[in-house]
Amino acid sequence: MGNGRQGVTDVIETMSAVVGRDAATAPVAGSGGRRPAGDVTDGATATEVLLTYAAGNPARRQETGLRGALPAPPALGVAVVACMDARLNVEALLGLGEGDAHILRNAGGVITTDVVRSLAVSQNALGTKEIILLHHTGCGMETITDVGFRDQLERDTGVRPEWSVQAFENVADDVRLSLRILRSSPFLQATTSVRGFIYEVDTGALVEVPL
Ligand SMILES: [Zn+2]
């Protein structure tokens, strides 16, 4: 397993750099103008608006020439582990389409046991070989602590969570920790490239974090 500098990851990085420049020069706007499903109006929930848009998906899919199911193994052989932050639009950032990649998301984009489980399936059952880690500036996980958040939940609910919050103080440090965990996992031996990045929410650019 090496830090491959060739391959799909490099292509995606180049594509996202273009996206970043566009985002940096675009006028500041709310997401409403660019959301295909449109605005949420009085009397409808966001879920209802989104489901109305989703109902048109079979027709839109046909218009793009897609017929039937694509193969389950991701076409690019890539798995992305990203924070769930709403400003990090992984598909748009990397130019990913249907069938291209596995995208695993959680609070912080941290490497949990379940992320390792999913990556193990991704690699060993569905053939991916490259991993991209995406953290970002302004992450909420930098603003809480494990003990503090667990204390708060226990105070508010009477139940202390058994899970670790996996908060972090420094986003770059957590990217490096995540890279080390992935590189040392016995279940991810198929990895040919694993690289970590911080997405800048103010410019839309990606900055790589060297190990
Ligand atoms: Zn985040």
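Okay, let's start with a term: two residues are in contact if their C-beta atoms, placed from the backbone, lie within 7 Å. What we have here is a predicted model, where local features need pLDDT of at least 70, side-chain atom pairs count only at pLDDT 80 or more, and totals for chains, interfaces and linings use all residues. Numbering runs from 1 along each chain as its sequence is written.

So, take Val-81. Leaving out neighbours within four places in sequence, Val-81 touches Leu-104, Gly-109, Val-115, Ile-131, Leu-133 and Leu-134 in that contact sense.

Next, helix H7, residues 171–184. Helices here are DSSP runs of H or I with at least four residues, strands are runs of E with at least two, and both are numbered from the N terminus. I'll call a residue buried with 20 or more other C-beta atoms within 10 Å of its own, exposed with 12 or fewer, and partly exposed in between, with C-beta atoms placed from the backbone.

Which residues of H7 are buried? They're Val-171, Asp-174, Val-175, Ser-178, Leu-179 and Leu-182. Looking down the axis of H7, they fall within an arc of 140°, going by the directions from the helix axis to the C-beta atoms, so they line one face of the helix. On the face turned away from that side you'll find Asp-173 and Ser-184, both exposed. And what covers the buried residues of H7? Strands S3 (130–136), S4 (193–199) and S5 (206–209) are included.

Last stop, S4 and S5: they pair in the antiparallel sense over four bridges, where pairing takes at least two DSSP bridges. Tyr-199 stands opposite Leu-206 in S5. Six residues sit between the strands of this hairpin, and Gly-204 has a positive phi near 85°.

How values were computed. Expected span 1.5 Å × (residues − 1).
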